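Here is a walk through one protein model, taken strand by strand and then as a whole. Keep the structure in view while reading.

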Amino acid sequence: MDNFLNSDKASQNHIPVMLNEVLQAMAPEDGEIYIDATFGAGGYSRALLENKNCTVYGFDRDPKAIADARKWSGDYGDRLVLINEPFSNMKDALTRIGVEKVDGVVFDLGVSSMQLDESERGFSFRFDGPLSMRMDKGKPDAADIIAQASIDDLKMIFRVYGEEKRATLLARAIVREREKMPITSTKSLADIIEAASPSQYTKKKGRTIHPATRVFQALRIFVNDELGQLAKGLVAAEKLLRMGGRLVAVTFHSLEARIVKRFLTDRASIGPSGSRHLPMVERKPALFDLLFKGQQTAQEEELAHNPRARSAALRAARRTDIPALEEELDLSFASLPDLSFSKPITAMEII
């Protein structure tokens, strides 16, 4: 298999994280069908299409990502099909066009580097822009949450979705400042957080972490329902994958990593097996076989020129011939931290 990490074609846009490891896990073959569930700039799709004479369905709920891809997608003819829908809808979307089974699904989770670099999208405090963070440019966005959520709701969002230890302090600071002036830009929110905790810059793997990092992560995950979308996407992939099909997921923070890990380990080993203290219990047949134990991380060569790869973790599994489960995935298994409320509230319930 070619080394796409160093290929000229891969570098025409961005280089997706752990590309070579993803290709190795996907093991593409001629004539097969794949889903790039988080299309972005299309790095994984390009690599699959250039590696084998296959077909790729690229999903992205960001209309700009799809519009940008249409400028070059014609190079691959009908082998690349772009679909402007969230990956949670992949099963229904493909059924509508007559595709019932696929040979591989790859997820590159979190926010894309292109979205971070576009100040008008409001994902990053590195550039001042409107406080949006919506991947689909819809409503409610981060500015709506910051303007209208109560202190308790803000505290919950920051603590659960950002794992922010100073959630109460920061929620109070935001509510206090919004009473003086609306908070509508990324810079104004980051400045409020920094002023509330000026000594909270932290070090992680040699990097300085801005005190607003976890709050921005929490707002982005919350307004885009990223954890709910991931749970639905994994279930949809399970139903779409034919026997021997591959599921590959690259995660970047602990919340999504827990969901992927638990989903795959549960599906690969369903039901208790008993112990010396308990009677044997019949194990249900596994829906997936893990391709390797645990997770893979990026190699030193990639880390040297791709900082985003530092927090990346890859898990992969192969579908068995056992029929998919019909029930939705219960996110309570993910052990979300400090989940003190009775049920997760939605953005629409806050507004």
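In this predicted model, strand E1 covers residues 33–36 and is enclosed on both faces. Ile33 and Ile35 sit on one side, Tyr34 and Asp36 sit on the other, and all of them are buried.

Which strands pair with E1? One is strand E2, residues 55–59, which runs parallel to E1 and is joined to it by four bridges. In this pairing Tyr34 faces Val56 of E2. To get from E1 to E2, the chain passes through helix H2, residues 43–51, and this β-α-β crossover is right-handed. Strand E4, residues 102–108, is also parallel to E1, with three bridges between them. Here Tyr34 stands opposite Gly104 of E4.

Of the nine residues of H2, eight are buried, so that the helix is mostly covered. The buried ones are Gly43, Tyr44, Ser45, Arg46, Ala47, Leu48, Leu49 and Asn51. What covers them? The cover includes the strands E1, E2 and E4, together with helix H1 (19–26), strand E3 (80–83) and strand E7 (241–251).

Is E9 enclosed or open? Six of the seven residues of this strand, which spans 313–319, are buried, so E9 is largely enclosed by the rest of the structure.

Next come the nonpolar residues. In soluble globular proteins, nonpolar side chains tend to be buried together. The largest nonpolar core of this model holds 67 residues, and those with the most contacts inside it are Met90, Val105, Phe107, Phe158 and Leu247. Helix H11, residues 226–240, gives the largest share of this core, namely eight residues. Apart from this core lies another one, of 31 residues, which includes Phe39, Tyr44, Leu49 and Phe252. Tyr44 and Leu49 are also among the buried residues of H2.

What does Phe158 touch? Leaving aside neighbours within four places in sequence, its contacts include Ile146, Leu170, Ile174, Val215 and Leu219, and also Glu163 and Glu164.

His210 lies between strand E6 (207–209) and helix H10 (213–223). This histidine counts as buried because its relative accessibility is 16%, and the cut-off is under 20%. A polar atom of the His210 side chain lies 2.9 Å from the backbone nitrogen of Ala212.

Finally, consider the chain as a whole. It has 14 helices and nine strands, and 52% of its 351 residues count as buried. Among contacts between residues at least 6 apart in sequence, 68% join residues at least 24 apart. The chain exposes about 16,500 Å², with carbon and sulfur atoms supplying 50% of that area.

Conventions:
Residues numbered from 1 in each chain as written. Predicted model: local features only at pLDDT ≥ 70, side-chain atom pairs only at ≥ 80, totals over all residues. Heavy atoms only, no water. Buried < 20%, exposed > 50% of the residue type's maximum accessible area, 1.4 Å probe, protein only. Helix = DSSP H or I, 4+ residues; strand = E, 2+ residues; numbered from the N terminus. Pairing = 2+ DSSP bridges. Right-handed = clockwise from strand over helix to strand, strands pointing away. Polar contact = N/O pair within 3.5 Å; in protein donor to acceptor, adjacent residues only side chain to side chain. Core = buried A, V, L, I, M, F, W, Y, C linked by side-chain atoms within 4.5 Å. Contact = heavy atoms within 4.5 Å. Areas by Shrake-Rupley, 256 points an atom, 1.4 Å probe, with all protein chains shown as cover.
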